[in-house]
Amino acid sequence: MKLKDAIRYYELTGSDILTDLEIQSKYITALEFDYVYDDFTDVMEKLYENLLVLWADSHEVNDETEMPTKEYLTGLYLANIPKPKQEDDKEVVFERPSRFKQKKQEQENKTMNLVVSLVNSDMNIQQFFDFEIELVVDIVNSVSEKREAEEKKRKSKKRRT
């Protein structure tokens, strides 16, 4: 999903797309282990209802408008960026850099955390509006890692002198 769509999704629904996807994934995983949550249907339909609200926000809706299917909405908004295959079989663990770590709240809003980190950085947010969320997260993480490495180098040079 593009960052501008994720922000608009949050503005329209008051819900974070990444959190909604995570919850839906959790419910589907539980279903594979023969466990069904009481609000399973509500959670499964909530994401698509919210995507429909997002779609309706950018389209003119009248009596003759044909509503998109779940498959169309999924293809339109939830396409993933293909990750390059890694040659070695080592398991890679991605962590947020320490400067982005916050105390865990009752309900963490990942989209807003991403926007706040973009605003706090020295980057222009306009250049990220048409990027996919995953790509923006990767960019912010790599910039942060470079800054942390430079900070460590600067501290080690200070200690030597």
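1. Of the 161 residues in the protein chain of this predicted model, 25% count as buried. The chain holds six helices and zero strands, and, read from the N terminus on, its elements run α-α-α-α-α-α. Among contacts between residues at least 6 apart in sequence, 60% join residues at least 24 apart.

2. A point to take up next is the aromatic residues. A pair of aromatic rings is described by the distance of the centres and the angle of the planes. Rings pair if their centres lie within 6.5 Å, and by this rule the count comes to three aromatic pairs. In one of them, Tyr27 and Tyr37, the ring centres are 4.2 Å apart and the planes stand at 20°, and because planes under 30 degrees apart count as stacked, this pair is a stacked one.

3. Where do Tyr27 and Tyr37 lie in the chain? Tyr27 belongs to helix H2, which covers residues 17-32, whereas Tyr37 sits in the loop between H2 and helix H3 (40-57), so the pair ties together parts that are ten residues apart in sequence. Tyr27 has a relative accessible area of 9% and is therefore buried, the cut-off being under 20%. Tyr37, with a relative accessible area of 24%, is partly exposed.

4. Tyr37 also takes part in a pair with Tyr35, and here the arrangement is edge-to-face, with 5.0 Å from centre to centre and 90° between the planes. Tyr35 is itself partly exposed, its relative accessible area being 47%. Taken together, ring pairs link Tyr27, Tyr35, Tyr37 and Phe40 into a cluster.

5. Two further residues of helix H2 deserve a reader's attention. Leu18 lies in this helix and is partly exposed, with a relative accessible area of 26%. Leu18 and Met1 are 17 residues apart in sequence, while the distance between them in space is 9.7 Å, taken from C-alpha to C-alpha.

6. Is Gln24, the other of these residues, buried or exposed? Gln24, which lies in helix H2, has a relative accessible area of 9%, and this residue is therefore buried. The side chain of Gln24 reaches the backbone oxygen of Met44 at 3.5 Å. When its neighbours within four places in sequence are left aside, Gln24 is in contact with Val43, Met44, Leu47 and Tyr48.

7. At what angle do H3 and helix H4 pack? Helix H4 covers residues 70-77, and the two helices pack at an angle of about 70°, with their axes 10 Å apart. Because angles of 65 to 115 degrees count as roughly perpendicular, H3 and H4 are described in that way. The crossing of these two helices is left-handed.

8. Which residues meet where H3 and H4 pack? On the side of H3 they are Glu45, Tyr48, Leu51, Leu52, Leu54 and Trp55, and on the side of H4 they are Lys70, Tyr72, Leu73, Thr74, Leu76 and Tyr77.

Technical notes:
Residues numbered from 1 in each chain as written. Predicted model: local features only at pLDDT ≥ 70, side-chain atom pairs only at ≥ 80, totals over all residues. Heavy atoms only, no water. Phe/Tyr/Trp six-rings, centres within 6.5 Å; stacked < 30°, edge-to-face > 60°. Helix = DSSP H or I, 4+ residues; strand = E, 2+ residues; numbered from the N terminus. Buried < 20%, exposed > 50% of the residue type's maximum accessible area, 1.4 Å probe, protein only. Polar contact = N/O pair within 3.5 Å; in protein donor to acceptor, adjacent residues only side chain to side chain. Contact = heavy atoms within 4.5 Å. Axes fitted to C-alpha atoms, helices over the stretch in contact; angles between N-to-C directions. Parallel < 35°, antiparallel > 145°, perpendicular 65-115°, else oblique. Left-handed = near helix turned anticlockwise from the far one by under 90°.
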